[in-house]
Amino acid sequence: MRKIAYAFGVLVAAGAGTYLVVYLYRWQWQRAMICGVLLLIVEVMLFGLATLGRLSRIEERLRDTDRRQRELDARQEDVLTRLREPAAAQEETRFRWLEDPADRTYVFVPVLMVAGVLLSGLAWVVQKVAAATARPAEHRLAGRLAVLSAPNPADPDDLEDLPPLGGGPYRGRTARLATVTLVGATLLGALIVGLADLTQTRSEEANENAATSVVVQIELRGTDVSSDGKALAAQQIWESCRHSTAAPLHHAALGDLGDGTFAGVVRPALTEHDLMRLRGCLEDATLERAHLTVLGVGDAEVNED
C-alpha cells in the first residue's frame, strides 16, 4: 500500500511540475499557481509518508533491540549461573571435617577447636573479600561469553540478523545505486538544459505588419448569458490584458462578431513573444463565471496604396 501511495504521489508531482512549467511558459499565471500549490501539497504528502515510514522503522528497530537485549541478559544470567555452580559446590563442602560424628575422640581437642574457629573466621573473611572482588569479573566474563552461547531453539529467527556470506548482494546494491544515480543525473541535466533553452532571453525581430487581429470566443456560466453580458465580460477581459504586452496597446479595439465571438485589432503588430503573453492572459482570465478562448490570430499586412 505504501508503494502505491509513493507511486501515485510521484506521478501527481511529475504532472503538476510539468504543467507548472508549461503554464509559466504560456504566461498563464493563475493556472501556474494552482499547479504550484498542488505540487507543494504532494511534496508535503510524500514528506509525511517518508517521515512516518522512518518512524515506523525506528520503532521496529527499538523493539528488536529490546528483544535482543532481553535475550542477551537471559544468556548472560545463564552463563553466570553456570560459572557459579562450581563455586557453590565447593562452598557446600569447604568444612567437611566438621560434619564428622561427634563421638570420635581426638588428641588436643581444645587446641583443635580454637584453631578451627580461627581458621573458619579467616576463611570466612577471605571468602567475603573474594566474592566482593570477583563479582564484576564474573559479570564481564558472562557478558563476553553470552555472544558465544548457542542460539535459542524456540526462536527460529535468532540468526536472521547475521550478515550474509560473501559480497554479492553488496556489490549488486552498489551497482544499482550507481545506475540510478547516473540516470537521475542525466535526466536532471537534460531538464535543466531544456528549461534554460525555453526561458532564455532572446532579441526579437520587429513585426513589420500593420496590425495583429485576435479572434476570441467567450462563455458565461450563470443567469446573465445575454449578448450584452457577453460583450461586457469580453470587454473587461480584453481591457485587463492590454498591459500584458511590452508594446503599448493604444489602438486596440474589440468588435462584436455575434454569437459570443469577438475580434480585437492591435496596432502596431505584435511580436511572437508579445502575442504569446497576450494569448496566455486572455485564456487565463480570472473574471467570475467567464471563460475566454482564443480561436485564432493573424497579422494584417501593410497596404502600400
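**A walk through the predicted model**

Of the 305 residues in this protein, 18% count as buried, where buried means under 20% relative accessible area, exposed over 50% and partly exposed in between, using a 1.4 Å probe and protein chains only. What you see is a predicted model, in which local features need pLDDT of at least 70, side-chain atom pairs count only at pLDDT 80 or more, and totals for chains, interfaces and linings use all residues. Residues are numbered from 1 along each chain as its sequence is written, and side-chain values use heavy atoms, with hydrogens and water left out.

Let us start with the overall layout. The protein has six helices and four strands; these are DSSP runs numbered from the N terminus, with helices (H or I) of at least four residues and strands (E) of at least two. Read from the N terminus on, the order is α-α-α-α-β-α-β-β-α-β. The protein exposes about 22600 Å², and carbon and sulfur atoms supply 62% of that area, as given by the Shrake-Rupley method with a 1.4 Å probe, where for residues only the protein chains shown count as cover.

Now step inside. The largest nonpolar core has 21 residues, and Val214, Val216, Ile218, Ile237, Trp238 and Leu282 have the most contacts inside it. Such a core is a set of buried Ala, Val, Leu, Ile, Met, Phe, Trp, Tyr and Cys residues joined through side-chain atoms within 4.5 Å. Two or more residues come from each of strand S1 (211–220), helix H5 (227–240), strand S2 (251–258), strand S3, helix H6 (272–283) and strand S4 (290–300). Apart from this core lies another, of nine residues, among them Ala13, Tyr23, Cys35 and Leu39. Cys35 is buried, with a relative accessible area of 12%.

Leaving aside neighbours within four places in sequence, Ile237 is in contact (heavy atoms within 4.5 Å) with Ile218, Leu282, Ala285, Leu287, Ala290 and Leu292.

Strand S3 covers residues 261–267 and includes Val266, which is buried with a relative accessible area of 0%. The C-alpha atoms of Val266 and Val214 are separated by 8.0 Å, although the two residues are 52 apart along the chain. Thr261, also in strand S3, is buried at 15%.

Finally, look for the one disulfide, a pair of cysteine sulfur atoms within 2.5 Å. Cys241 and Cys281 form it, with their sulfur atoms 2.2 Å apart. This pair links distant parts of the chain, 40 residues apart: Cys241 sits in the loop between H5 and S2, and Cys281 in helix H6. The torsion about their S-S bond is about -85 degrees, so the disulfide is left-handed.
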